[in-house]
Amino acid sequence: DETSYRYDDGRQSSLDPTAIRYAVIPKSGFTQAQLGDFVVVEYRGKRLAAVVGDLGPVKKFGEGSWRLATDFGIPNSGNTGGVGSGVTYTFLGGSSLGRAASEEKLLGQLADLQLSI
């Protein structure tokens, strides 16, 4: 229900997993990216821009938001969805522009990145 990356909107609202494509990284031990960095996710020849939006269990990698899964045609259930392999993440370390002011601003940043990939 809540994401580790939040908007800078005065309420520190969490990302909406049905609206924002985001990847989850482990809470510790992962140094290639941090919250708010951008990531290019690839699956079956399709590339999508996403943001590192949440922290998950240590040594567990590969979770993504409902929107990310849906946009790839991957089963999106939090309990039974996902795929066993084939998803590639290219983290753009140090690419964060800080906390976005709103969902609209973050969607605009992701659209700009999508145009460049």
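In which segment is Y7 found? Y7 lies in the segment before β1.

This is a predicted model, in which local features need pLDDT of at least 70 and side-chain atom pairs count only at pLDDT 80 or more, while totals for chains, interfaces and linings use all residues. Residues are numbered from 1 along each chain as its sequence is written, and side-chain values use heavy atoms, with hydrogens and water left out.

**Overall fold**

The protein has two helices and four strands, in the order β-β-β-α-β-α from the N terminus. Helices (H or I, at least four residues) and strands (E, at least two) are DSSP runs, numbered from the N terminus. The radius of gyration of the protein is 13 Å, which agrees with the value near 13 Å for a compact globule of 117 residues; the radius is taken over C-alpha atoms, and the globule rule is 2.2 Å times the number of residues to the power 0.38. The C-alpha trace spans about 40 × 30 × 25 Å along its principal axes.

Of the contacts between residues at least 6 apart in sequence, 74% join residues at least 24 apart, where contact means heavy atoms within 4.5 Å. Buried residues account for 35% of the 117 residues; buried means under 20% relative accessible area, exposed over 50%, and partly exposed in between (1.4 Å probe, protein chains only).

**Nonpolar cores**

A nonpolar core is a set of buried Ala, Val, Leu, Ile, Met, Phe, Trp, Tyr and Cys residues joined through side-chain atoms within 4.5 Å. The largest such core has 15 residues, of which V39, V41, F72, Y89 and F91 touch the most other members.

A second, separate core has 13 residues, including Y5, F38, V51 and L113. Leaving aside residues up to four places away in sequence, F91 touches I25, F30, Q32, A33, F38, V39, V52 and F61.

**Surroundings of Y7**

Y7 counts as buried because its relative accessibility is 3%. With residues up to four places away in sequence not counted, Y7 touches Q12, S13, S14, L15, I20, R99, A100, A101, S102, E103 and L106. Y7 and G98 stand 91 residues apart in sequence, and their C-alpha atoms are 9.4 Å apart in space.
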